[in-house]
Amino acid sequence: MTFLPKPKFHHPALQVNALGFTHRDYEGAISTLCAGCGHDSISAAIIHACYELSLPPHRIAKLSGIGCSSKTPTYMLGQSHGFNSVHGRMPSVLTGANLANRDLLYLGVSGDGDTASIGLGQFAHAMRRGVDMVYIVENNGVYGLTKGQFSATSDKGSKSKKGVDNLDSPIDLAAMAVQLGATFVARSFSGDKAQLTPLVKAAFEHRGAAFIDVISPCVAFNNHEGSTKSFDYVREHNIALNRLDFISGRPPIEVDYEEGTSETVALHDGSTIRLRKLAADHDWRDRAAALAVLEKHRADGEVVTGLIYLNDDAIDLHARLRTAKKPLNSLGEAELCPGSKALEAINAGLR
Amino acid sequence: MPIQSVNDFVIRFANVNGSGSASANLLFARSILRMGVPIAPRNIFPSNIQGLPTWYEVRVTGDGHLGARGGADMMVAMNPQTFEKDIASIEPGGYLFYDSSRPIPATKLRADVTTLAMPLTDICAKEYREPRQRQLFKNIVYVGALAALLDIEVDVVEKLIGEQFKGKDKLIAPNLRALRLGYEDAKRRFECPLGIRIRRSDAVGGRIFVEGNFAAALGAVYGGATVCAWYPITPSTSLAEAFERNCARLRTDRQTGEKRYAIVQAEDEIAAIGVVVGAGWNGARAFTATSGPGISLMQEFLGLAYFAEIPTVVFDVQRGGPSTGMPTRTQQSDILVCAFASHGDTKHVLLLPEDPGEAFDFGALAFDLADRLQTPVFVMLDLDIGMNSHLCAPFRWDDSRKFDRGKVMTFEDLEAGRDFGRYLDVDGDGVPYRTIPGAHPTRGAFFTRGTSRDRYAKYTEEGGPYVDNMERLLKKYDTARKLVPHAEFHRAAKATRIGVIYYGSTSGAMDEAVELLAAEGVHVDALRLRAVPFGAEVGEFIAAHEQVFVVEQNRDAQMRTLLIADLGVDPAQLAPILHFDGSPITARFIRREIAARSRGFAAPLARETVS
């Protein structure tokens with residue numbers, strides 16, 4: 001048996017969120033990934049973010065492609081509909097789902113093989129169309145399920161577990177997302193839940209294409225000396241641009257920060273984020289600066305994390321298409337079928 | 001002897017692509033239609049924007065034979081590139097109309113063809129200053145000349161010009177002048193009318209004149225499609241574009257400008273079908289329109305839609321394959337690739353419309369079937385139906401008709417505690433219930449996947465549940481057999497041992513071929529397939545005839561293969577008749593093939609008497 005349900009047992013004293021759901025209500029089946037896999041930490045961050053935001057689980061749709069990362073929607077949000085589609089094609093399936101019902105929240109989970117290789121085209125076009133979604137890439141630089149081949153995000157010179165050097169240039173998905181028109185772009189590290197969870201929350205509140213590239217070391221095939229996607233390497237080379245506190249209409253969470261280095265931003269939906277600038281003086285409103293900071297640190301072998309770019313005036317695909325406010329999947333005959341009278345007029349024009 | 005024929009001839013226009021001839025030729029065709037005489041026009045065009053040869057033929061058919069006839073009784077030779085070949089293709093006793101501004105040596109003309117020379121370029125050079133006007137009005141001048149030569153009522157043409165340029169009124173007067181110019185010049189120059197001519201009739205009736213792609217797209221509007229994702233490809237592009245035009249008019253809120261539809265021009269056909277699958281999963285009626293190469297690209301997703309049981313509608317406007325093949329020519333060569341789309345064991349539902357009228361009906365029906373069966377449904381058009389205007393019965397819609405959304409478990413069902421297993425066969429028809437994402441806060445959520453799973457959608461790699469699921473899908477295919485449109489039986493006037501099976505755009509030519517054969521004493525029962533899988537009537541038809549021809553527009557007898565596979569009939573019983581040069585099949589071709597190959601079956605009783 002490869003499906004492992006978690007017991008539904010609830011302790012009566014368990015804490016609940018504004019909707020009365022426990023943290024457990026946002027969990028899924030037991031993970032079948034390797035013990036210590038970075039992906040499980042990302043799932044935990046997503047679960048925590050949804051719990052804290054009090055998102056109704058059934059109003060979230062979780063979609064993925066194929067690969068280790070794409071298995072993870074099974075391990076979270078058990079009360080949400082999920083769709084494990086085909087390799088590299090999550091963006092198109094999610095786009096269609098989003099067009100059918102604009103009222104749900106869409107979470108797309110993908111990996112570096114799924115997004116940067118076979119699915120690069122679909123990733124690009126979902127970003128440029130401004131599909132309202134949270135697109136998370138669980139990026140480990142390696143093909144796990146097929147046992148250790150390099151992926152397209154592997155850094156040049158990074159060593160495989162067998163000691164082979166990667167000779168090809170890496171694809172920087174965050175830089176591509178900025179360039180392609182994503183309106184929320186962040187990078188994080190599966191080992192830094194404190195940074196990742198608020199980023200996921202802010203991405204859920206963003207109306208438009210929100211992209212998070214999460215470096216997520218593969219404990220089985222890409223966590224060795226010489227790899228640039230190992231826990232040790234990422235910890236040592238992590239350049240956090242900022243730290244984000246997500247507030248969302250509730251009293252601010254008290255955090256320590258140095259005077260003069262923070263900024264509070266009100267988002268259009270009424271929620272608030274507070275950003276603390278850290279390592280670099282980065283203007284996250286500036287697309288060119290976003291690309292420049294990624295390039296600068298890439299050259300030094302460093303991994304930039306935090307909120308890289310945000311355009312809060314984003315117009316999503318539905319706004320561009322001017323689709324009806326009522327979800328298309330809920331329209332009936334009266335709204336969709338023009339009827340026999342209109343058809344008579346069409347017939348008359350064809351004679 | 002020049003051909004003498006009223007309301008029954010073929011006229012062919014040889015033009016240069018991009019010279020503005022298409023609208024003039026359509027004007028000519030519609031004028032005949034307005035005189036109550038049926039026509040069957042066809043475009044023969046290259047994969048090109050400007051410069052290559054293109055032809056337009058109008059079959060004038062008082063008897064209403066709407067298939068292609070083949071040959072040309074009159075050639076309007078406007079393209080010097082193809083002049084010699086065009087002249088050679090005229091039937092003996094036919095007519096040649098050409099631009100004689102540049103002299104053509106008599107050796108290039110034919111003695112058995114009546115030559116009608118008019119210096120069109122000179123006439124237009126004298127009349128118009130701008131080069132583009134000279135070019136465009138030359139087309140209208142020849143329409144005027146043809147009106148005189150063929151006895152077309154010139155005020156009918158004038159009225160059509162008025163309708164065509166309504167809203168662009170400045171263009172009406174110069175077009176009318178060009179028409180008159182040609183009309184008067186021809187009256188002076190030639191003895192009008194010719195032996196072939198038009199006589200007012202009332203044989204058109206209430207029929208409409210429309211392209212299949214337009215009709216199919218309108219069917220999708222009426223069938224409640226809200227999401228369309230597509231990638232431009234000839235000959236299906238005009239289907240998606242017609243959906244957009246119709247929706248803009250019929251599904252846009254007049255006050256707010258809000259649209260009750262969404263159209264995405266995807267980055268490729270894979271993304272197009274992905275969007276459709278995502279939208280179908282989420283409860284919207286969604287479709288894509290494509291052609292052979294797109295079908296090839298969509299294979300993996302079609303397998304997912306079959307296995308994960310997601311309502312999906314695909315309009316395949318078939319063209320000549322394989323590979324890029326003949327992108328602007330017609331064929332029925334995607335039958336097998338659609339019937340078995342994707343790796344692994346799959347079987348799909350195909351609808352086979354014969355003309356635009358049925359393309360409308362099936363275009364709407366496809367969405368009911370896809371929802372009812374939770375599977376991909378293919379509407380198999382072809383370039384001939386899709387991109388040519390055909391005369392057909394007017395579109396009809398019953399306002400009491402409701403969309404059949406199939407087995408969807410609602411909030412109320414879930415709230416009431418009904419057992420929900422996504423792949424559980426509750427009713428014994430192989431079709432399970434589904435829930436739409438977001439239906440209920442705590443019940444009905446499931447995980448959709450292309451991997452094997454049990455009846456409750458839980459991932460499993462065990463053999464038992466996998467086989468159970470695959471066998472249920474077969475049962476569902478048998479359910480489809482009962483739900484799809486049944487084959488249409490056309491019984492011969494006399495009892496016969498010969499049967500013929502055909503489908504799609506072969507229909508017009510087949511009706512005529514059956515008449516021609518009957519006139520020669522060869523009686524043929526005909527069965528028009530309207531869908532795959534086949535109903536019981538198809539097997540019964542084959543069993544009831546000694547020799548059964550299967551007429552198709554592909555090389556490999558694809559439908560015959562499908563009949564053999566699906567019904568288990570003896571291959572020897574099914575004789576293929578195949579037309580696949582990219583031109584529409586003709587009655588002449590079918591008649592010749594059946595007549596040559598049915599000796600011994602044709603008149604069995606008479607032969608017994610002799611011996």
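This is a predicted model: local features need pLDDT of at least 70, side-chain atom pairs count only at pLDDT 80 or more; totals for chains, interfaces and linings use all residues.
Along the principal axes, the C-alpha atoms of chain B fill a box of roughly 85 × 80 × 40 Å. A compact globule of 611 residues would have a radius of gyration near 25 Å, and the 27 Å of chain B agrees with this expectation. Of the 611 residues in chain B, 54% are buried.

A strand in chain B illustrates what burial looks like in detail. Strand S13 of chain B covers residues 312-318, and seven of its seven residues are buried, so the strand is largely enclosed by the rest of the structure. Thr312(B), Val314(B), Asp316(B) and Gln318(B) point one way from S13(B), whereas Val313(B), Phe315(B) and Val317(B) point the other way. S13(B) pairs in the parallel sense with strand S12 (residues 286-290) of chain B over four bridges. It also pairs in the parallel sense with strand S15 (residues 376-382) of chain B, over seven bridges. Phe315(B) takes part in both pairings: Phe315(B) is the bridge partner of Ala289(B), and Val379(B) in S15(B) is the bridge partner of Phe315(B).

The last topic is the contact between the two chains. Chain A contributes 50 residues to this contact and chain B contributes 59 residues. On the side of chain A that touches chain B, at least two residues each come from strand S2 (81-84), helix H3 (90-100), helix H5 (120-129), helix H11 (333-336) and helix H12 (339-348) of chain A. H3(A) provides the largest share, eight residues. By type, the residues on this side of chain A divide into 22 nonpolar, 21 polar and seven charged. Strand pairing also links the chains: S2(A) and strand S17 (residues 447-449) of chain B pair in the parallel sense over three bridges. Within this pairing, Phe447(B) in S17(B) is the bridge partner of Gly82(A).

Conventions:
Residues are numbered from 1 along each chain as its sequence is written. Chains are lettered from A and ligands numbered from 1 in the order in which they are written. The radius of gyration is taken over C-alpha atoms; the globule rule is 2.2 Å times the number of residues to the power 0.38. A residue is buried if 20 or more other C-beta atoms lie within 10 Å of its own, exposed if 12 or fewer, and partly exposed in between; C-beta atoms are placed from the backbone. Two residues are in contact if their C-beta atoms, placed from the backbone, lie within 7 Å. Ala, Val, Leu, Ile, Met, Phe, Trp, Tyr, Cys and Pro count as nonpolar, Asp, Glu, Lys and Arg as charged, and the others, Gly among them, as polar. Two strands pair if DSSP finds at least two bridges between them.
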